[in-house]
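Have the 3D view open while you read.

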Amino acid sequence: MPPSSDLGRALCIITGASRGFGRAVARDLSRLVQPGSVLVLAARSGDELRALQAELTDSEAGRAGLKVQVAVADVGRTEGLEAIIRSAAEAFSENIDRVILINNAASLGDVSRFTRSFTDMAEVDSYLSLNVSSSLCLTARVLQAFPGHGGLRHTVVNVTSLCALQPFRSWVLYCTGKAAREMMFRVLAEEEPELRVLNYSPGEEDHSEESSRRSIRSSLDSLSLKVYSGWTHLVCVTDLYHAKSTFRANKCFILFIPHKNNPKAVF
């Protein structure tokens, strides 16, 4: 089943958009929104962002009216968040009917050291500022800047990992950050049930551009099938990536298990 071809006229804010998974998401979203939509691409790598901006502006979607904004910003700093909101506000119009925020920016941290070595609070605080505080504060700023008046809908996505659920030796910073972010967005879903909130893990995979694009497309395919209430479990069989992945949308839970025989089967 193909993904929905119409996400409406949307303002899409994507952090970590200059490369890898964030770049793939930007490319796919450009094909799924209506003309008049806006993509706000945020990352620290200005040259790569501008190259993607030029590519999308020259694409079929760009020629049809998609607007692409660039915010060269460090989400770990307050001025970086302000730059993203400023760019989004400048591009927003009354014709926009959906705001989509993709919290993708993150860092791995030092995975060569065990927990007992992290005695420097400034080092840990710096990591958590980039990987936890930034996504909380950016989400709050987006919701405040674009309140849900006049039928404006909101979708908030957190790109997460198996490390949010399972501990790995020497990965204390990364596992802690991912677990904190997952709980943060679960709380948001409880507080504001009118929002669509999604914790999404693409799984451990080949980080090439094409692999990332396949992963997000497969996920969009499956998400479009049904909307569940309560802690309903769905198994989707796919051969596009090679680790367990999870969706959580409000109180929806979707589990992906790799299988090579039937890439589109859903039970």
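At what angle do the axes of helix H4 and H5 cross, and within what distance do they come? The axes of H4 (residues 78-91) and H5 come within 10 Å and cross at roughly 35°. Before going on, a word on where this comes from: this is a predicted model, in which local features need pLDDT of at least 70 and side-chain atom pairs count only at pLDDT 80 or more, while totals for chains, interfaces and linings use all residues. Residues are numbered from 1 along each chain as its sequence is written, and side-chain values use heavy atoms, with hydrogens and water left out.

**The overall picture**

The chain has 7 helices and 9 strands. Those are DSSP runs numbered from the N terminus (helices are H or I with at least four residues, strands are E with at least two). Of the 267 residues in the chain, 48% are buried. Here, buried means under 20% relative accessible area, exposed means over 50%, and partly exposed is in between (1.4 Å probe, protein chains only).

**Helices side by side**

Axes are lines fitted to C-alpha atoms, for helices over the stretch in contact, with angles running from 0 to 180 degrees between N-to-C directions.

| Helix pair | Axis distance | Angle |
|---|---|---|
| H4 and H5 | within 10 Å | roughly 35° |
| H5 and H6 | 9 Å | about 20° |
| H1 and H2 | within 11 Å | roughly 20° |

Angles under 35 degrees count as roughly parallel, over 145 as roughly antiparallel, 65 to 115 as roughly perpendicular and the rest as oblique. H5 and H6 are therefore roughly parallel to each other. H5 passes H6 in a right-handed crossing; a crossing is right-handed if the near helix is turned clockwise from the far one by less than a right angle, and left-handed if anticlockwise. The residues in this contact (heavy atoms within 4.5 Å) include Leu128 and Leu136 of H5 and Ala180 and Leu188 of H6.

The H4 and H5 crossing is right-handed too. Among the residues that meet there are Leu81 and Ile85 of H4 and Cys137 and Leu138 of H5.

Over at H1 and H2, Arg23, Ala26, Arg27 and Ser30 in H1 meet Glu48, Ala51, Leu52, Glu55 and Leu56 in H2.

**Inside the core**

A nonpolar core is a set of buried Ala, Val, Leu, Ile, Met, Phe, Trp, Tyr and Cys residues joined through side-chain atoms within 4.5 Å. The largest one has 32 residues, and Ile84, Leu138 and Leu188 are among those that touch the most other members. H4 gives the most to this core, with 6 residues. Leaving aside neighbours within four places in sequence, Leu188 is in contact with Thr139, Leu143, Val156, Leu195 and Val197.

**Two residues to look up**

Is Asn158 buried or exposed? Asn158 sits in strand S5 (residues 153-159) and counts as buried, because its relative accessibility is 0%. Beyond residues up to four places away in sequence, Asn158 touches several others, including Asn103, Arg181 and Phe185.

Now find Ser170, in the loop between S5 and H6. What is its phi near? Ser170 has a phi near 70°, a positive value in a residue other than glycine. Most residues other than glycine have a negative phi. Ser170 has 15% relative accessibility, so it counts as buried.
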